[in-house]
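Thank you all for making time this morning. I would like to walk you through one model, and I will ask you to keep it on your screens while I talk.

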2 protein chains.
Amino acid sequence: MTLNHQIRLAARPVGMPTRSDWQFTTEPIPTPGPAEVLVRTLYISLDPAMRGWMNAGKSYIPPVGLGEVMRAGTAGKVIASNHPDFAVGDYVTGGSGVQEYALSDGKGLTKVDVATAPLPAYLGTLGMPGMTAYFGLLDTGQPKEGETLVVSGAAGAVGSVVGQIAKLKGCRVVGIAGGNRKCRYAVEELGFDACVDYKTGDLRQELKTACPGGVDVYFDNVGGDVLDTVLTLINRKARIVICGAISQYNATAPVKGPSNYLSLLVNRARMEGIVVFDNAPRYGEAARQMMQWMREGKLHHREDIVDGLDTFPETLLKLFKGENFGKLLLRVAAE
Amino acid sequence: MTLNHQIRLAARPVGMPTRSDWQFTTEPIPTPGPAEVLVRTLYISLDPAMRGWMNAGKSYIPPVGLGEVMRAGTAGKVIASNHPDFAVGDYVTGGSGVQEYALSDGKGLTKVDVATAPLPAYLGTLGMPGMTAYFGLLDTGQPKEGETLVVSGAAGAVGSVVGQIAKLKGCRVVGIAGGNRKCRYAVEELGFDACVDYKTGDLRQELKTACPGGVDVYFDNVGGDVLDTVLTLINRKARIVICGAISQYNATAPVKGPSNYLSLLVNRARMEGIVVFDNAPRYGEAARQMMQWMREGKLHHREDIVDGLDTFPETLLKLFKGENFGKLLLRVAAE
């Protein structure tokens, strides 16, 4: 008998999560009841936000409870269905969590067309990261033609989409990424105008050189010193989109606030936080637009796929060590 | 022969300015040339922003040069005029700096009517602090009826106006001020719903009690720990107006950034800086509205007037020690 392997949150981590913060469980594969569908998970999305979901306390979404299957976005295949809208063989995305099989009443499941885009892309550019980039950039960043946009995590799932859309909107686009390989990818494959490696050299000086007209929009995925540095280079009426702060998620000391926040005053600038879920009613609009850009060859995507559900604890950490290159996914079964 | 006593910036202060950062000079009182006017300064406005103007480096306005008469807003009386728009005896406001007499070509001078409001009010509620409050609150804070507004420096020149206008717009208004006397003034004379003394007790707990529905708009004049505390209490889509950071202006260590800035993300909230000068074309509109509120008894003002140009170095420091109570002015001659 095949079992459903699951990974549950066993403890609230202090700092970087370790293997002992997880519990590995098995259960019989459930059988769908009336109007239910059984999905075989193929890919599990690993996202920086997951670290926040592991903490107790109020946030934009309730924390994952201790003993619960870890929350995660997933892409999979329907293998049994009593639901009129889903047939065996359908590819779907949803939030099945870190496990191999999941029942659903259909709510939160979305059928996707793997002829239009490969299944992993539905967890990246056409999934939450892409939606985050699209709405965060266009609605909150409000880039205008000729402006300069800087984005951190430039080679990552969100940052790569932010930069490419900003290019499509006529901006000068400067990325910040860790390592020469990611920077070259941003410039050579994604079409950024420049990309600065934050791990080497003088970040401020290099950004200044790359942004001779200053920074009009900064899309921040990392927080910490990088945010503080960009704050010294912003223009009047600049918009800073606070999407995340991956440098701070595992901090055991208090979060480093941006010392240079008074640059907001001097420059009459704005710093604004975003949460992708607020745009749910408009996901379809964004997905259609981004699929069109993909078809036209204007929007590239890249996934970093690691095999094996059991590697989850270590694979997740790649995000916080800057070791992933593209949208990080766990493949738990072959398509 | 009467001389023009002046105070010039002698050195860029480190931390709190001291008497040795100033140079006391005297010059002959100048004689107006064609189309010029000579103004006798009566009141000099002392503002927290002056501390920033003493620092080198790029800001929203160039720094005061070493050896220059210190920049300051002033109210005075025309004592000689070759300018068609100004007659001897006219009361005017302008930016004559920290000195007793100044020539002007009329640019930047505004005639004011001391029958409508007392002259000191034209440097407070009807001057820069009032304009800062009016535009910062209404345009950037965007308070809506029924929302909760918190303002720090609640008994000060800006904060007192912010809170009173927010009351007029139907908000619950909670002040933060130093000392029981200022808090009582905010509640009993200005009509705030509550005021929390940041110097005693548990600021977060007291604010939480005073804001049972959370904080929708925070107008920040102080920065530091107070800003960080309010960030933990903001509601979704909250607006934080960064008007100043008086707690940080004399810091010799790096400015304390807001550790809790990720509350902006969780709450999809915004932090935005303002500079009053951007609203210059609309000062008249604001002044007319505020004069009307004053006539109707809906907008109270209070000045803290200290006599003597020579007391300037010490009087200025009252701002940074929280010792002033109302708009701080130096009276350099009797009306």
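Predicted model: local features only at pLDDT ≥ 70, side-chain atom pairs only at ≥ 80, totals over all residues.

Let me begin with the symmetry. Chain A is superposed on chain B by a rotation of 180° with 0.0 Å of shift along the axis, and the RMSD of that superposition is 0.0 Å. This is therefore the relation of a two-fold axis. If you want to find the axis on your screens, look for A:Gly257, whose C-alpha is the one in chain A nearest to it, at 2.2 Å. The two copies use the same surface, in that 100% of the contact residues of chain A recur in chain B.

Now to the interface itself. In the contact between the chains, 24 residues of chain A meet 24 residues of chain B. On the chain A side, helix 7, residues 263-266, and strand 13, residues 270-273, each supply at least two residues, and strand 13 gives the most, with four. By class, the residues on this side of chain A comprise 15 nonpolar, five polar and four charged.

Which strand of chain B does strand 13 of chain A pair with? Its partner is strand 13 of chain B, residues 270-273, and the two run in the antiparallel sense, joined over three bridges. Within that pairing, A:Arg270 stands opposite B:Glu272.

Let me turn to the domains of chain A. The assignment gives domain 1 as 3-124 together with 302-331, and domain 2 as 128-277. Their C-alpha centres lie 28 Å apart, and the contact between them takes 15 residues from domain 1 and 13 residues from domain 2. On the domain 1 side, helix 1, residues 49-53, and helix 9, residues 312-320, each supply at least two residues, while the side as a whole has seven nonpolar, five polar and three charged residues.

The largest nonpolar core has 200 residues, and the members that touch the most others are A:Val150, A:Val230, B:Val150 and B:Val230. Leaving aside residues up to four places away in sequence, A:Val150 touches A:Val174, A:Ile176, A:Leu207, A:Cys211, A:Val215, A:Tyr218 and A:Val230. One of these, A:Val174, is also the bridge partner of A:Val150 in strand 9 of chain A. Strand 8 of chain A, residues 148-152, pairs with strand 9 in the parallel sense over five bridges.

Strand 9 of chain A, residues 172-177, is mostly covered, with six of its six residues buried. A:Arg172, A:Val174 and A:Ile176 point one way from the strand, whereas A:Val173, A:Gly175 and A:Ala177 point the other way, and all of them are buried.

Why do I describe helix 6 of chain B, residues 224-231, as largely enclosed by the rest of the structure? The reason is that six of its eight residues are buried, namely B:Val226, B:Leu227, B:Asp228, B:Thr229, B:Val230 and B:Leu231. The cover over these buried residues includes strand 8, strand 9, helix 5, strand 11, strand 12 and helix 7 of chain B.

I am happy to take questions.

Conventions:
Residues numbered from 1 in each chain as written. Chains lettered and ligands numbered in written order. Contact = placed C-beta atoms within 7 Å. Nonpolar A, V, L, I, M, F, W, Y, C, P; charged D, E, K, R; others polar. Pairing = 2+ DSSP bridges. Core = buried A, V, L, I, M, F, W, Y, C linked by C-beta atoms within 7 Å. Buried ≥ 20, exposed ≤ 12 C-beta atoms within 10 Å, placed from the backbone. Domains from an automatic or database assignment. Least-squares fit on C-alpha atoms with pLDDT ≥ 70 in both.
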